Amino acid sequence: MTHGEPGPQREAAGAGDTRPEPDVLRGLLLSASYRRVLLFSALIGIPVSLVAFWFLVALHQLEHLMWDDVPKAFGSPVPPWWWPLVLLPVAGLIVGLVVARLPGGGGHVPAYGLQAGGATAAALPGVVIAAAASLPLGATLGPEAPLIALGGGLALLFRNLARGNVTSQNTALLGAAGAAAAISVVLGNPVIAAVLLMEIIGVGGPRLVAVMLPALLSSGVGSLVFTGFGRWTGLQTGSLRLHLSGPFPHLDAGDVGWTLLIGVVVGVLVHAIQFVGRLAAVRVRSRPVPFSVLFAFGAGICAAVYTGITGRSPADVASSGQSTMVQLAADPASWGVGALVAVLAFKGLAYALCLGSLRGGPIFPALFLGAATGVLLAPLPGLGVIPGLAAGMAASAAAALRLPVSSVVLVALLLGSIAMTPVVILAAVVAIITTELLPGAHGAPPAPATKAPAGVGARAPS
């Protein structure tokens with residue numbers, strides 16, 4: 001979590017104030033400026049969630065077009081093996097040009113994790129273009145990072161259009177509220193969105209309440225709007241809920257014991273992927289266009305070789321993994337050992353290359369890799385598919401994000417139950433400890449291309 005400089009959140013909650021924390025919090029909540037922020041947070045949840053909804057719908061439709069409709073138009077029911085070799089270099093070229101030419105560099109570099117800062121008004125076009133080029137064309141990334149940048153940036157843009165007061169306090173609070181409203185659309189739950197933002201920003205005490213109230217309010221309003229609007233239009237943005245292949249088993253000593261191994265294995269795997277991703281990001285930073293194309297083409301090669309070896313769709317590798325994870329959870333028996341090993345190897349490498357070269361979020365591919373690892377290890381004596389799946393997802397999310405509470409809540413949301421909570425918590429803790437003990441666990445991200453909005457902390461997993 002972000003520590004060091006006090007930042008506006010500390011100012012908002014009375015940093016340096018010698019009064020007891022309850023008095024500091026009461027003074028903040030009763031202030032006229034904070035009440036205005038709460039009101040504006042509720043209002044911006046509506047337009048931000050609508051923009052996020054249509055953004056996700058557009059990404060979903062474009063991905064369907066690129067990976068289903070166009071191949072079928074050429075007479076192929078599934079994308080041919082060479083398809084990612086065409087699409088991904090195009091994504092790399094567009095993103096490279098955005099990084100080199102447009103303000104903001106297309107948003108957060110996913111190799112350095114989720115960041116809470118929203119994009120500036122000037123950077124918003126680059127964020128949208130880079131995400132629209134990366135995700136539908138096969139980047140092994142998810143949509144959550146662009147949504148955070150988009151939501152936070154839109155909140156500040158609406159504040160400026162309304163000619164509201166520009167202060168470090170309301171910039172921090174409104175940026176977090178807008179990001180929470182947008183991220184709740186893809187995560188499907190306002191609570192996980194608010195918890196995620198809380199852990200990314202890294203606040204505590206009165207500051208925690210000061211930031212969480214606008215974030216919860218905005219994400220709750222946005223979630224209501226998104227749910228109602230989605231039902232009214234009938235349009236799809238994807239679902240996070242997994243449909244498991246069987247009932248939840250009773251946990252035993254075997255499940256708990258193997259969870260320790262899963263936490264270590266997944267922690268090492270995700271750490272290695274992030275390390276390669278950061279190396280790629282350094283290269284892209286020096287020469288954006290050629291290296292973005294090169295690494296994106298490398299990700300395409302991974303998908304093509306995977307299809308050549310397994311005969312399965314290249315979309316297993318060249319995608320966020322969200323829909324493939326749903327298929328894996330529903331029918332793990334359809335994946336042989338060879339296919340699981342191949343998807344872990346090739347999707348892991350493609351994920352690393354995309355982390356450093358394209359634009360998107362790190363959550364969904366990490367969840368898929370953890371789920372695949374859990375299913376692969378499920379035949380171990382005393383371990384089952386569902387406990388292995390749960391432990392793998394929790395370990396991968398925790399290792400990728402370094403956000404233990406968010407990871408546990410997210411996996412519980414995916415499973416639709418708290419039955420696996422003991423192994424989920426254990427796997428998340430073991431994975432984080434493992435990654436912290438590995439060499440290079442605290443590499444610092446490069447300075448951002450443009451100055452982040454004042455007061456919004458950023459946390460990058462190392």
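This is a predicted model: local features need pLDDT of at least 70, side-chain atom pairs count only at pLDDT 80 or more; totals for chains, interfaces and linings use all residues.
Let's start with helix α3, which runs over residues 32–73.

Just after the helix comes Gly 75, with a positive phi of about 90°.

## The nonpolar cores

Now for the inside. The largest nonpolar core has 116 residues, and the members that touch the most others are Leu 196, Leu 367 and Met 393. Which helix gives this core its largest share? That's helix α15 (residues 385–401), with 12 residues. Apart from this core lies another one of 8 residues, including Ile 44 and Leu 173.

Take a look at Leu 367 in your viewer. Leaving out residues up to four places away in sequence, Leu 367 touches Met 325, Met 393, Ser 396, Ala 397, Leu 410, Val 411 and Leu 414.

## Aromatic pairs

A search of the whole structure turns up 4 aromatic pairs. In one of them, the ring centres of Trp 82 and Trp 83 are 5.6 Å apart; their planes sit at 70°, over the 60 degrees cut-off, so this pair is edge-to-face.

Phe 291 and Phe 295 make a stacked pair, because their planes are at 25°, under the 30 degrees cut-off, with ring centres 5.7 Å apart. Both belong to helix α11, and being 4 residues apart puts about one helical turn between them. Phe 291 is buried at 18% relative accessibility, and Phe 295 is buried at 15%.

## Two residues and their neighbours

Trp 258 lies in helix α10 (residues 253–286) and is partly exposed, with a relative accessible area of 25%. Its contacts beyond four places in sequence are Leu 380, Pro 381, Gly 382 and Leu 383. Trp 258 and Pro 381 are 123 residues apart in sequence, yet 9.0 Å apart in space, C-alpha to C-alpha.

Ser 320 sits in the loop between α11 and α12. Ser 320 counts as buried because its relative accessibility is 14%, under the 20% cut-off. Its side chain reaches the backbone nitrogen of Gln 322 at 3.3 Å. Among the residues Ser 320 touches are Ala 139, Lys 347 and Phe 364.

How values were computed:
Residues are numbered from 1 along each chain as its sequence is written. Side-chain values use heavy atoms; hydrogens and water are left out. A nonpolar core is a set of buried Ala, Val, Leu, Ile, Met, Phe, Trp, Tyr and Cys residues joined through side-chain atoms within 4.5 Å. Buried means under 20% relative accessible area, exposed over 50%, partly exposed in between (1.4 Å probe, protein chains only). Helices (H or I, at least four residues) and strands (E, at least two) are DSSP runs, numbered from the N terminus. Contact means heavy atoms within 4.5 Å. The expected span of a helix is 1.5 Å times one less than its number of residues. A polar contact is a pair of N or O atoms within 3.5 Å; within protein, one must be able to donate a hydrogen and the other to accept it, and residues adjacent in sequence count only if both atoms are side-chain atoms. Rings of Phe, Tyr and Trp (its six-membered ring) pair if their centres lie within 6.5 Å; planes under 30 degrees apart count as stacked, over 60 as edge-to-face and the rest as tilted.
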